Amino acid sequence: MKSAAAVQTQKPSTSASQRAKSYLKDNWQLYIMILPAVAYFIIFHYMPMYGIQIAFKDYKAVSGITGSEWVGLKHFKAFFNAYYFTRLLANTLILNIENLLIGFPIPVIMAIMLNQIKNDRIKRGIQTTIYVPYFISTVVLAGMLYIFLSPTSGIFNTVRQWFGLRAIDYMSSASAFRPIYIISSIWQGAGYSTILYIAALSGIDQALYEAAEIDGASIWQKIRYIDLPSILPTIMMVLVLDCGKLLNSNTEKALVMQTAGNIPKSDIIGVYVYNVGLGNAQFSYTAAIGLFINIINFILIISVNKISKKATDVGLF
Amino acid sequence: MSASAGMAVRKSKKRISKSDQVFHIVNTVLWIVIMFMILYPLYLVIIASVSDPDAIIRGEVVWHPVGISFRGYEAVFKYRELLRSYGNSIMYTFASVIISIFVTLLAAYVLSRPKFKGKALFNLFFIFTMFFGGGLIPTFLTMRDIGLYNTPWVIVLMGSVSVWNMMVARTFIQTSIPHSLYEASMIDGASHFSYFFKIVLPLSKTIIAVLAVYYGVSKWNDYFTGLVYLRDRNLYPLQTILREILATLQVDKSGDYMMSMMDNVESMVEATKVAQVAKYCIIVVATGPVVILYAFMQKYFEKGVMIGSLKG
Amino acid sequence: MKKKSLAVVLAAAMAASVMAGCQSSPSQSSSGSAGGSAAPSKADSSSTGGGSASSAENFNETGFPIVNEPITLKIMQGIRDVDSLTAPSEMPAIQRLEEQTGIKMEWDMIKGNDWNTKLNLMFASGDYPDLIVSPNTTVDQEEYGVTQKLLIPLNDDLTSKYMPTYTERRAAEDSDPCVSLIASDGNKYSVGYMVGQYINTDAHYFINQDWMTRLGLTMPKNKAELLDVFRAFKAQDADGDGNPNNEVPLEIGLDSSYYSVAYMLPMFGLPATGKWIHIDDNKQVQFTPVQQGFRECMEWLHTCYTEELLDPEMISQDANTVESKLKEGNAGFFPAWRLKAMGWDDGVAKTCTLYTPEAGTSFYRTIEMARKGAFITVSNQYVPQTLRLLDAMMETETMYSLYYGEKDATDGTGWKYNDQGKVQTLMMGDIDVKNFLDCNCLFFGPGKYIDSVFDWPEQRIEKTQYCHIYEDAGLMQKYSNNYLDLAPLTSEQRQANSLIETDIKNAVKEKMAAFITEGVTDDSWNAFVSMFDGMRVSEYIATYQAALDTMTLE
């Protein structure tokens, strides 16, 4: 009895440090393996991180970042008080959310459908082709949009005129801006995004399909019970990551697509920052706007991550 | 299988076939439509690259080139620095992708280990950088201070590790490489190093291919890093040079290009016109290698890469 | 517990990097005066040379070479996006200059597109060039000169001593063209750049004479008649191709450089250009978009829109697109800089002629003044030498060789002396890569000087004629809007203004589109006008008015 008690009290005190020791003995290599990535981020991201201060200062090149005068939330307040602040925020957010809602499922669907093509050569051919639009530069893409949608010579309007309708200058229409933006974004990016899902699908164990065949499953059923669940972790991962970009702006694209007529919808935060930056060196002001965007994005991704974890058990961290 | 079971299978196979047939028809139609929507604009880019600029603006270039002219390609290839920058980009991309894949996969592996202590901390460490950063000026100053400014290394290394890719790779390792393999190896006395190099890496061909494409394309398309961090024009990558060739095409909101109303306005106007065509030529010139790279990578996306691993 | 320690670790990491960041301020070594406090020794304009004693000795005040021991100057040169140039060290004119002066030049050529980024990075890094040459790009002299003192004042005491050519040409003009270089603290921080052209405005109006002749129309005398002419153009097949209704009577864009809607406003009494404030005949600063004339213009254009007299792509087309259409010739009326040498010889240059609008029109008046051409930074140790170098660049033959190419060149570039001994350009069409700096060099040629030295090509003469016609007809505004650009505002005011201007620009552009396509009602007009109260426009105007009242206007 005495010895048993002694054993009892001894065990907890040694096993904590023992556990630690044995953990390190088995796993010290992990810390070495993660070192290159850590070093990368320290050098390229954390060392310059002090620059976040610029948003709270009146940056002057001659004084350097640390020497510039501290002004606290002055720039943030200026941004919130900007005449178009609400519109900028709304335009950016709505554009990105709509883009996500419509654009996110498409690569998934494409990958799944592509996966069902039997002919390997056709499949490869399609795969390579749908990936190419990604490389059309924004400038050219917008140029093509102007050409296709031109009221005088564009295809769309020519067809409209066949039906006796008057030509519309789509690129000047505020209500047409978001659809054009989103559809062209999908055209450009969907094929590129399918790569990931195709890769995920290729990793599915063939035995599952064989078993399904034997059970007499139709293709729809195979998709529903095999494909989707297998790639669900990947889907959720990408979805959560994309939710962390909801306040970002594809400034180059918006600028190139912006015309006087669609300003009410095409005026997004990135365009505003660009226009402000064209004038005097408003570093601190634009830095404050950038920081504001990042904070909101960060909050968004943390929230979505929590939801994702609750719903599907898969999360970012 | 007994005869009745066999009949049952045959019967159900017949039923399956019909709805499957419908599926295949729908799929085929879908892909024909998609291919047209994608191929036509790409075709347009190619014919525009050999057409007359004014015809393009007036929308006359629809099914075939109009006013065949190679002015665009001439303008692009006349740039002496183009060839060299092409070579630079190939080297930068190659070196960078190798480093990227290596570092990313190592980190993704570590993050995928369920019992890894400090995982939450490391995750936050990485994810934080996706949202918060110092900005252009401090990064510029840092690169200058550590001596990377104006060296090829700044191009190869900057952007070589992406948290997005890291997380996706981690998910891949978690879902595609069964934990039973890991446990089996540990019982056999393997270390993390040996497990990673001997088992994980060979089984990760697919994700390595994905990373190669994503990192490769990102590096190939990047013009900004070269613009900001390089001084020596000999080191410039392709996209930075191409962007200069195209510089006239930034949509000019202020009309500044007209402000210097010199005698040779006509030549300036002409140069702008050539640039209108050149932008199409540039796409053709710049996109070739990446399409080839991807076509090459295709075989890694085949089904059944995993076969054999489970039986071990 | 875990989360807390996480937060602590993160905070520690942040603190550590902030402290590490303190080291990373602009480098002290390469430019001793980057720390701000040392700047005054360079900014003191009356000292010659400064820095090492040897730089004062290594200098010849007159004659060539300028230095006895060769020195090297680092130059940051901004060029236009369109320019494709060889390396300056390979340009014959530069090589001759180097030999002549003994000063070697190291060039950093930066395109307009990237200029802002590179300039700001340069100042942030503390690694300044000796000389910045930027006639076609901008350097914020209020911020970098006045406030941060990184640029050296280049006042007359220095320029009269070391730049005789420059000074002489300035003095020859009726009024000093370099007053435009003066910053809010009374100093000039730059050497001027000027290509005199004897013009007094930007855009003029042109009407298609061919079409009018074909339809037997007379030159319209007012806006109502102009509208009728447009209608006739459209309805009666003015271009005679058998297809009525494919003509474009009014070819403008909403925001397309000189072909913009803004250039129609002068016909309604508003001297506008796109900066939405102007100076009226009583020296008062007015906010253009809320004036009655603006409303009338919008209504007039709306009529054109509904009757399809406007180019259908009007709202979205940019300047390049408009020019392409003018090249084709399908235009009845348009504003533009001029007709010749614009690439329209087979288009509107053949068919169109100047249109003189009715009295009551008020065109924006430009005063020809110098632009800020070159700046010297505080890290320059050879200020007198640099100034003499700039002066040498302005010597006539050198200057034209830098601008057009070699004398008597045979490759479609260059210049020569014509029979009257005047400089005549040999520039033909487009050359792919230029071995001269083109209009990016430091050209200083005010009106009188250019008149005496340069053989005006016909397109310049054409433009000057137009200017005379409009002036004689009394169509020019009394006091030039340029005074607003010269108004002495502090850096703070400018920064505040630039934010307001961004909002104004967008608002006006967007509402113009709405007015033109949908028309103007009392309600929509009132809403438009009251919108600007929210943008602090009255503050904006008041700032300019106060600054303007301190100036003498002619």
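The questions and answers below go through contacts, helices, domains and a few backbone details.

Reader: Before we start, what kind of model is this, and what pLDDT do local features need?

Author: Residues are numbered from 1 along each chain as its sequence is written, and chains are lettered from A and ligands numbered from 1 in the order in which they are written. This is a predicted model in which totals for chains, interfaces and linings use all residues, side-chain atom pairs count only at pLDDT 80 or more, and local features need pLDDT of at least 70.

Reader: Okay, chains A and B. Which helix of chain A gives the largest share of the side that touches chain B?

Author: Two residues are in contact if their C-beta atoms, placed from the backbone, lie within 7 Å, and here that takes in 67 residues from chain A and 78 residues from chain B. Several helices of chain A supply at least two residues each, including helix 1 (2–33), helix 10 (174–202) and helix 16 (283–312); helices (H or I, at least four residues) and strands (E, at least two) are DSSP runs, numbered from the N terminus. The largest share, 7 residues, comes from helix 7 of chain A.

Reader: And how many residues on that side of chain A are charged?

Author: For the classes, Ala, Val, Leu, Ile, Met, Phe, Trp, Tyr, Cys and Pro count as nonpolar, Asp, Glu, Lys and Arg as charged, and the others, Gly among them, as polar. On the side of chain A that touches chain B, 44 are nonpolar and 21 are polar, while the charged ones number 2.

Reader: How are helix 12 of chain A and helix 8 of chain B oriented, roughly parallel or roughly antiparallel?

Author: Helix 12 (residues 219–243) of chain A packs on helix 8 (residues 163–176) of chain B with axes 10 Å apart and an angle of about 160°. Axes are lines fitted to C-alpha atoms, for helices over the stretch in contact, and angles run from 0 to 180 degrees between N-to-C directions. Angles under 35 degrees count as roughly parallel, over 145 as roughly antiparallel, 65 to 115 as roughly perpendicular and the rest as oblique. That makes helix 12 of chain A, relative to helix 8 of chain B, roughly antiparallel.

Reader: Which residues of helix 8 of chain B make that contact?

Author: The contact of helix 12 of chain A with helix 8 of chain B has 6 nonpolar, 3 polar and no charged residues. Helix 12 of chain A brings A:Pro233, A:Thr234, A:Met237 and A:Leu241, and helix 8 of chain B answers with B:Trp164, B:Met167, B:Val168, B:Thr171 and B:Thr175.

Reader: Helix 12 of chain A also packs on helix 16 of chain A. What is the handedness of that crossing?

Author: Those two axes come within 8 Å and cross at roughly 160°, and helix 12 and helix 16 of chain A are therefore roughly antiparallel. A:Leu232, A:Met236, A:Val240 and A:Cys243 of helix 12 meet residues of helix 16 that include A:Leu300 and A:Val304. A crossing is left-handed if the near helix is turned anticlockwise from the far one by less than a right angle, and right-handed if clockwise. The crossing of helix 12 of chain A with helix 16 of chain A is right-handed.

Reader: On to chain C. How far apart are the C-alpha centres of its domain 1 and domain 2?

Author: Domain bounds come from an automatic or database domain assignment, which gives domain 1 (42–198 + 371–403) and domain 2 (204–364 + 480–549) of chain C. Their contact takes 6 residues from domain 1 and 6 residues from domain 2. The C-alpha centres of these two domains of chain C lie apart by 38 Å.

Reader: Is C:Asp438 buried or exposed?

Author: C:Asp438 is found in the loop between strand 12 (423–425) and strand 13 (444–445) of chain C. Its phi is near 60°, a positive value in a residue other than glycine. With 26 other C-beta atoms within 10 Å, C:Asp438 is buried.

Terms used
A residue is buried if 20 or more other C-beta atoms lie within 10 Å of its own, exposed if 12 or fewer, and partly exposed in between; C-beta atoms are placed from the backbone.
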